[in-house]
Each structure stands twice: as C-alpha cells, then as structure tokens.
Amino acid sequence: MQNFLIFAILILGFIITFQIARASEFVSVIRGEEKTRKQTNKINAALLLVFLIVGMFGVYWTQHTLGDKILKLGTSASDHGILVDRMIKYTLIATGIVFVGTQTLLFWYSFKYQESDKRTVYYFPHNNKLELLWTVVPAIVLTILIGFGIVYWYRITGAAPANAMQIEVTGSQFKWEFRYPGKDGVFGKKYYKNIDEANDNPLGQIWEDAANHDDIYESGQIHLVVGKPVKLIIGAKDVIHSVGLPHFRLKMDAVPGTPTTLWFTPIKTTKDMIKETGNGKFVYEIACDQMCGAGHTGMRGEIIVETQEEFDQWMASQKPKYVQMKEAAAAPAAPAAAAKDSVAAPAPATADSITAAGAAKKDSTAK
Amino acid sequence: MSDTLHIQHEVASHGHSGEPHMHHHKETFISKYIFSMDHKMIAKQFLVTGIIWAIIGGLFSVLFRLQLGFPDQSFPILETFFGRWAEGGKIKPEFYYALTTMHGTVLIFFVLTAGLSGTFANLLIPLQVGARDMASPFMNMLSFWFFFAASIVMLSSLFTQTGPAAGGWTVYPPLSALGLASQGSKSGMDLWIIAMTLFVASQLLGGLNYISTILNMRTKGMSMTRMPLTIWAILFTAILGVLSFPVLLSGLVLLMFDRHLGTSFYLSDIFVAGQALPNEGGSAILYQHLFWFLGHPEVYIIILPTMGLASEILAINSRKPVFGYMAMIASLMAICVLAFLVWAHHMFVTGLNPFLGSVFVLLTLLIAIPSAIKVFNWITTIWRGNIRFTPAMLFAIGFVSIFISGGLTGIWLGNSTIDIHLHDTMFVIAHFHIVMGVSAFFGMFAGIYHWFPKLFGRFMNNTLGYIHFWVTLACAYLIFWPMHYQGMAGMPRRYLDKSSWVSFSQFHSLDAMITVATIIAFSVQLMFVFNYFYSMYKGRRVRSQNPWGATTLEWTTPIHPGHGNWEGEIPEVHRWAYDYSKDGRDFIPQTEPVGEDESAH
C-alpha cells in the first residue's frame with residue numbers, strides 16, 4: 001500500500017510537471033517565442049551564478065560536516081603514510097586552486113556573457129601567447145607533483161631495512177592468515193597442494209623443512225612493534241585480494257602464485273590511536289580492497305601495534321603450528337600410537353611425512 | 001556510389017525534378033526501420049538501444065544504492081520482483097555484486113561506448129563531412145546488429161540460474177575464471193565473454209567505417225583542418241577503439257581457455273573451496289595488462305566524443321569560434337597517443353615493478369596537460385560571447401564543470417604515492433563516475449538536445465530539458481562529491497555493508513542522502529526518456545533548415561533528410577566550421593565562398 005502511494009505520488013508529480021512543461025510551450029508561442037526565449041535565457045544565466053555560489057558553499061559545508069570523519073592529513077600511523085599525506089596535501093593545494101579558479105570563471109563568464117542585444121561578440125579564434133601560457137604553467141606544476149610523487153614512491157617501494165620484522169600474509173575467501181618466521185627468522189617452505197585445513201596445515205607448510213617447525217601461525221590478527229620496520233610478504237590462496245591498511249595509508253594486492261611485498265614502520269601504538277581518536281573501540285583494520293567474491297565486505301583483519309615488551313610477551317605465548325599439529329595428531333592417535341611408538345616423537349614423524357609429501361617440489365615463499 | 005543510394009521520398013517539398021542521381025525506390029518497413037543501411041536510421045537504432053540499456057543499468061544502481069543507503073531496512077518489493085536474490089526484501093551479496101558488475105558493464109560498454117559513439121559517429125560523420133552515407137553502409141548495419149546480438153546475450157545472462165557475471169566490470173581472474181570461487185563466475189561469466197566478443201566485433205566494424213569515411217569521403221573543399229571538432233574527436237575515438245578492443249578480446253579468449261580448456265594463462269597455485277587446482281605457472285596480472293590496455297583507452301573512447309560535441313555546442317551557442325581550434329586538435333591527438341601509454345596506472349598496487357610504476361606516473365600526469373588546454377580553451381570560448389542557454393548549451397557547460405571536478409582528482413590518483421592509499425577506495429568511484437560517467441552523460445545529453453531537430457525534425461520540450469539539466473547537475477554533485485570523503489576515510493569500494501567495520505561505519509546518514517539523490521536523479525532521467533519519445537511524435541516542429549544558426553553542413557540538408565542526405569549535389573566547403581560573429585555577421589556557413597574583403601583568421 002505504501003509502495004503504491006509513493007508510486008502514485010511520483011506519477012502525479014510527473015504528470016503535473018509535464019503539463020506545466022507543455023503549457024509553457026503553448027504560452028511561449030502565444031507570447032512570442034523570441035521574447036520567451038530571452039526571458040528563459042536570463043533565468044538560466046542567473047541560476048548558473050546561483051549554482052556557483054551554492055556549490056562553493058556546499059564544498060565548504062561538506063568539509064565542515066565530513067572533515068572529522070576522514071583520516072586527517074598528517075595523522076598517519078606509519079612513516080610511509082606521512083609521505084602519502086604530504087603528497088596529498090601538495091596535490092590538494094594545486095588542484096584546489098585550479099578547481100576554484102576554473103569553476104568560478106566558467107560559471108561567472110556564463111552569467112556575464114549571457115545573450116544581450118547590446119553585446120558585440122569578440123571574434124577571438126586563437127592566441128598563441130595564451131595557449132603557450134596554459135600549456136607551460138600546468139606542465140611546470142605537474143612536473144613538481146611528479147617529482148615529489150616519484151621520490152616518495154621510491155622511498156615507499158624501496159628495499160626494506162635488514163632489521164625489518166617479516167610477516168607472511170595470506171588472503172583467502174574471506175579471511176586473512178599470517179605467519180611469523182619464528183626464532184630462526186626463516187620461513188619454512190610451503191606448497192599449495194599441501195594445504196590441509198582439517199589436519200592443521202592451512203598454509204600448506206612442508207613439515208619436513210625444519211625451518212617450518214618454529215613458524216608461528218596466526219589467523220585474523222597480527223601484532224606489530226611500534227617503531228620497528230615490518231615487511232609483509234603477501235600472497236593469496238584462491239583469488240586476488242588486497243591488503244588495505246587505511247591508517248598506515250598503504251595497500252598491496254595479494255595475488256595467487258605471485259608473492260608481493262610491502263614494508264613500513266608503524267609509529268603509533270593501538271593505545272596511542274585510541275587516545276588520539278577518542279574512540280575506545282579503535283583497532284587497526286586490514287580491509288580487503290580487491291573484489292574477491294560474495295564475502296568481500298566481511299574480509300577483515302586486525303593489527304595490534306604495541307611496544308617491544310608487550311610484543312615479546314605475546315610472542316612467548318604463541319605455539320608454532322607444527323607443535324599444534326603434532327599435539328592434535330597425538331591425541332586421537334594415542335591408541336594407535338601404542339602399537340607404533342614412533343608417531344608421537346617429532347623427529348621420526350618428519351621422516352615419515354617426507355615420503356607422504358614427496359611430490360612437494362615448489363617453494364612459493366618469497367625470501 | 002550514389003547510384004546505389006535509396007533516396008527517400010519524404011522530402012518532396014523541393015522541386016528539383018531533374019536530379020540525375022535520384023532513384024525513386026520504394027522502401028519497405030524492414031529495409032527502412034530494421035535492416036536499414038541509412039546512417040541516420042542506424043544512429044537512431046544505436047541511440048534507442050543505448051537508452052534502453054541506460055534505463056536498465058541506471059535501475060541497477062538504484063537497487064544497490066538502496067542496500068548501501070539503508071542496509072538495515074528490508075524492501076519486500078524487491079523479493080516480489082527478484083525472488084530468492086532478495087529473500088526477505090534484503091539484497092543478497094551475490095545479487096549486490098551482480099548488480100554492480102552489470103551496472104558497470106552496461107553503462108561503460110553498452111551505453112557510453114556503443115550508445116554514444118554509435119549514435120553520434122553515425123549521425124554526424126556523413127552529415128558534417130558531406131557524404132551521402134558511410135563508406136560501407138552494410139558494415140555499418142552489421143555493426144549495429146552485432147551490438148544488438150551482444151545485447152541479447154548480455155541480457156540473457158541476467159536470467160541464468162546462477163546469475164550474471166559478478167566479479168566487477170573488470171572481471172579479474174582468478175575470481176572470474178573459477179566457478180568454485182563465485183556464483184557469478186559460472187554460466188553468467190561465459191555469456192559475459194560471448195557478449196563482449198560480439199561487442200568487440202561491432203566496435204571494429206563501426207570503427208573502421210568511421211575512420212575510412214572521415215579520411216576518404218569528405219566533400220570538395222573539406223580539408224582535414226576544416227572539419228568540425230566533433231569529427232576530429234570521433235576520428236580519434238575510432239582509432240583508439242580499433243587498436244585497443246582486439247587486445248581486450250585476446251584477453252577474454254585466454255580467459256575462456258582457462259575456464260574450459262584447462263589452460264593456465266592466468267591461474268597458478270590455487271586452493272579454492274577445499275581443493276587444490278592443478279594449474280601452475282600462470283599470471284593473474286597478465287590479464288590485468290591485457291584488460292587495461294583496452295580499459296584505459298576505453299575511458300577516452302567514452303570521453304573524447306563528448307569533448308567534440310561540447311566544443312561544437314559551446315561555440316554555436318556562444319556565437320563565437322571555438323578558441324584554439326588547432327590546439328584542440330593537437331590536444332585530442334595527444335590524449336589519443338598517451339591513452340595507450342598509461343594503462344598500468346590501474347595496477348600500481350599489484351606488485352608492479354616500482355621503476356615501471358614511476359614511468360606510468362609520468363605518462364599519466366602528462367595527460368593532464370592536453371586536458372587542461374581543452375578546459376582553458378572551452379572557458380575562453382564562452383568568454384565575451386553572447387550566450388544562448390539552450391538545454392544543449394547548459395549541458396555543455398555542465399560537462400565542462402563536471403569534467404574539471406573529475407579531471408583534477410585524476411591528478412591525485414595518477415600519482416602512485418597517493419594511489420597506494422586511495423586505490424580501490426570510494427575515492428576512485430567518485431573520480432571515475434564524475435570524470436567519465438557523469439561528464440560523458442552530460443556531453444551525450446547536450447548532443448541529443450542539440451541534434452534532436454536533425455534526427456526527428458522536431459524539438460524536445462525545453463522546460464523539461466531545463467528541469468532535467470538542473471536536477472541532474474545538482475544530484476551529480478550531491479551523489480559523487482561526498483564519496484571523495486568516504487575514500488579519504490579509506491573506505492574500500494564494493495563493500496555492501498560497513499556496519500562491522502570500526503573504520504568505515506561513520507557515514508550512515510551520508511549514504512542515505514546519496515541514495516535519495518540517486519533515486520531523484522534516476523527519476524529525472526526517466527523524465528528525459530519520456531521527453532525524448534514524446535517529442536519524437538509530438539514535439540514542436542522544426543520550421544527552418546538551420547534552427548541554431550550553425551555553420552556546419554548538416555544544417556544545409558532538408559529538415560527531413562532522405563537517404564543520401566542532400567538533394568542534388570553535395571555542397572562544397574570553402575571555410576572552417578567556426579566563423580561565428582566574424583566581420584559583423586552572426587555566422588557564415590561553411591558552404592559560403594570566402595569573400596574578397598573578408599578578414600583572415
């Protein structure tokens with residue numbers, strides 16, 4: 001019923017508009033088309049000027065109401081983000097001036113040079129000086145923007161420092177998984193055909209590679225150390241995802257079969273950000289930025305940035321996936337283990353699985 | 001060539017009885033309205049098909065905006081129409097992504113490429129260069145029918161069990177290659193690829209025709225530098241299309257192979273839906289290169305024709321020559337060349353080599369120079385003019401305004417340092433909807449209002465035209481301006497419900513406002529469509545041959561030109577297309593010889 005009413009009102013409104021429009025055509029014929037045309041011309045010219053003024057006020061008002069809902073320039077939580085913010089600021093200034101200038105001229109001239117019997121049009125087909133001017137000036141401004149952009153770009157995409165903490169990020173429909181290299185600082189090899197979620201191997205780690213035995217697996221959330229560079233080694237299991245880090249002003253796609261990297265230094269802890277934003281629920285979020293299927297909207301991860309002590313404490317409480325896998329395998333297999341004593345012990349089990357996963361031939365982990 | 005032409009009888013008002021070229025040939029309904037080879041009829045066919053697609057594509061955006069604006073509310077009417085896709089009146093994610101994907105595909109390819117170029121290239125090329133028809137009227141007819149076939153296939157994909165393609169209009173694999181990864185990548189995706197293949201065939205048939213007609217069939221005296229800017233713009237558009245659409249096709253063919261023949265062009269190391277696929281060694285990024293090699297020129301295929309239309313309309317209604325004609329051509333050419341060299345700016349965050357990235361930053365920002373030249377030239381064109389605000393003129397001014405707003409954010413996104421933050425956020429949505437969506441529509445509306453008298457011998461209703469313009473302009477800014485702010489909050493695109501996010505859930509009322517504005521804008525477009533069809537039959541009749549006082553050749557044809565356009569000889573051209581307000585005369589048609597005491601320009 002409500003739908004019907006809305007529909008009826010719309011139709012009615014349309015019919016009224018149409019009738020007015022049609023009547024205005026008749027009226028114009030009666031009054032003289034030329035006279036009506038001139039009058040409409042004045043109205044439209046005036047409206048163009050009004051639009052300019054209202055529009056510019058709208059620009060101000062949008063900034064006024066939405067300005068504190070965005071990531072404020074200069075408040076980035078990473079060192080690279082500061083460069084991004086600075087680049088945005090320079091670009092905003094340059095484009096802002098051009099925006100106000102050209103829009104004002106466009107609407108003002110439209111209003112000012114509206115048709116009038118008194119005006120003689122200025123025949124002005126070209127002017128080399130002017131054309132040169134507005135080729136050269138934009139070129140100079142753009143050169144400056146390109147210069148800053150490329151310098152910052154190289155700084156952001158350059159090689160990560162040697163002391164950077166490494167974390168492997170894996171996207172899949174519709175979750176984020178992570179791996180720390182553990183005490184040895186080396187990621188164990190993995191192969192996608194080894195992925196076996198039921199048996200505690202969500203990343204396809206090759207267990208016979210001893211480097212895998214201390215690798216820490218995390219799902220949904222990672223911890224970073226404030227002030228310490230971190231290098232993300234990014235991959236995906238199924239389709240393309242993208243690691244979006246809005247507060248760090250960074251982003252990198254996760255492509256199946258082609259690992260990518262991204263590094264930065266977090267400069268504000270989660271607690272700092274809670275204080276700064278005044279939002280008690282604040283948490284750094286990882287947003288999937290590349291369309292990845294029906295659950296794309298919910299593909300969310302979290303980052304906790306903390307001090308080195310807090311991080312060490314947290315890390316100490318984590319158990320490598322390999323150990324978890326062994327424990328899980330031991331529990332139900334206990335009766336069977338009685339017959340075959342060797343299963344529970346780590347070392348021989350590794351030997352067993354070498355034959356099982358003998359087909360493993362590929363190292364898809366970027367070093 | 002003129003021997004084979006069928007000249008319509010409709011225009012019997014002139015007494016040229018002894019025309020040697022005229023054959024009084026009776027046309028059937030089918031040869032006149034359906035399998036027509038008359039470029040004007042083909043233009044109308046493209047336009048009407050484009051309008052129908054625009055309504056469908058626009059309606060899709062209204063539907064998904066309902067979800068975005070009111071994520072907590074249910075709309076039982078949706079279930080009535082869409083059944084299990086909107087159970088309980090709530091749009092399902094699969095449905096949402098199908099809607100956005102089809103919205104993009106339909107509007108970019110079917111409306112703003114085929115509907116726009118198809119209409120104005122077909123209508124204006126022969127009329128403005130002085131030819132009786134296209135170089136190959138038959139290929140021209142095929143071009144429309146391939147487009148029509150593509151339309152049918154694409155439309156049928158909407159009705160498949162698993163729905164149409166739903167991986168975004170760019171259909172990146174592996175998502176689009178694996179039915180296991182998404183419902184929309186099942187049969188809907190096959191139909192999408194088939195439809196686009198037919199579409200590419202249509203574009204090539206059309207584009208080759210446009211180029212050869214412009215290069216070979218200009219009337220006597222119509223040198224290249226006397227052509228109106230519309231024709232220059234269409235020429236570059238056609239060149240872009242002919243060189244880039246085949247690359248898209250190759251990308252799609254490989255995608256089809258990956259989907260059905262077990263190849264691994266784009267697939268590698270994939271574990272999806274609990275199983276590891278055998279494919280190894282492919283590169284998902286390869287597809288993106290192939291796609292964007294068309295995809296970027298595509299945005300210029302959309303915007304260049306409207307630049308031409310706007311230039312023409314601004315000059316005519318300012319009663320002033322377009323400023324810097326040669327600079328306008330040069331900038332069109334520069335855009336055309338650069339369009340091929342910037343595609344990887346869509347791929348800054350795919351792991352692209354940073355050095356390569358910096359080259360693409362340089363080339364991308366270079367495009368801002370010819371674009372800036374065009375904007376300054378348009379503004380100078382209206383400066384000290386004597387402006388008549390016809391609906392077409394208002395839309396042309398609106399086009400410039402919108403193009404400025406959207407073009408400037410291109411300088412943001414083209415800079416990889418900023419793009420690494422704003423890539424794939426709502427900022428991008430705002431940018432490209434403004435710069436190539438809305439502004440191309442503004443140019444297209446300007447063109448339709450302006451050339452409607454030539455199409456149908458009648459005017460569109462002015463009052464409805466003015467309402468259409470003002471509401472559309474206001475809504476365009478209301479809808480897309482605030483989206484920049486969502487992007488500046490880092491909000492990713494293609495999120496259908498932000499409530500579970502800490503960082504992106506602060507825009508509730510804004511999203512609702514945008515949705516309301518979208519509905520208003522859509523209703524006004526329906527009003528425009530009504531105006532179009534009503535005026536076709538009941539509009540004010542055109543009484544003079546040249547209602548706008550324009551210099552170009554199309555206004556030297558009869559009010560209802562038959563097939564062949566001119567009765568008798570094709571007029572000869574003696575000057576460029578922009579002699580407005582020269583030597584104290586309001587305008588001097590191109591057909592008038594240069595007088596002895598005339599000042600040179």
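1. With which residue of chain A does B:R388 form a salt bridge? The partner is A:E115, and the closest N and O atoms of this pair lie 3.4 Å apart. The model is a predicted one. Between chain B and chain A the count of salt bridges is four, and 44 residue pairs are in polar contact, both residues at pLDDT 80 or more.

2. On the chain B side of this contact, helix 11 (residues 368-382) gives the most, with 10 residues. By class, that side has 78 nonpolar, 32 polar and 14 charged residues.

3. As to extent, 124 residues of chain B and 113 residues of chain A take part in the contact. About 10500 Å² is buried between the two chains, and carbon and sulfur atoms give 68% of this area. Within chain B, the residues that lose the most area to chain A are B:F271, B:I420 and B:Y485, which together account for 7% of what that side buries.

4. Two cis peptide bonds deserve a check. A:Q173 and A:F174 are joined by one, with omega about -10 degrees; A:F174 sits in the loop between strand 1 (165-172) and strand 2 (175-180) of chain A. In chain B, the bond from B:P173 to B:P174 is cis, with omega near 0 degrees, and B:P174 belongs to the loop between helix 5 (137-157) and helix 6 (187-216).

5. Most residues other than glycine have a negative phi. A:R249, however, has a positive phi of about 60 degrees, in the loop between strand 6 (241-245) and strand 7 (250-254) of chain A. Because its relative accessibility is 1%, A:R249 counts as buried.

6. B:A273 also is not a glycine, and has a positive phi of about 50 degrees. This residue lies in the loop between strand 1 (271-272) and strand 2 (275-276) of chain B, and is exposed, with a relative accessible area of 56%.

Technical notes: Residues are numbered from 1 along each chain as its sequence is written. Chains are lettered from A and ligands numbered from 1 in the order in which they are written. This is a predicted model: local features need pLDDT of at least 70, side-chain atom pairs count only at pLDDT 80 or more; totals for chains, interfaces and linings use all residues. Side-chain values use heavy atoms; hydrogens and water are left out. Contact means heavy atoms within 4.5 Å. Buried area is the accessible area (1.4 Å probe) that two parts lose on being put together, summed over both. A salt bridge is a side-chain nitrogen of Lys or Arg within 4 Å of a carboxyl oxygen of Asp or Glu. A polar contact is a pair of N or O atoms within 3.5 Å; within protein, one must be able to donate a hydrogen and the other to accept it, and residues adjacent in sequence count only if both atoms are side-chain atoms. Helices (H or I, at least four residues) and strands (E, at least two) are DSSP runs, numbered from the N terminus. Ala, Val, Leu, Ile, Met, Phe, Trp, Tyr, Cys and Pro count as nonpolar, Asp, Glu, Lys and Arg as charged, and the others, Gly among them, as polar. Buried means under 20% relative accessible area, exposed over 50%, partly exposed in between (1.4 Å probe, protein chains only).
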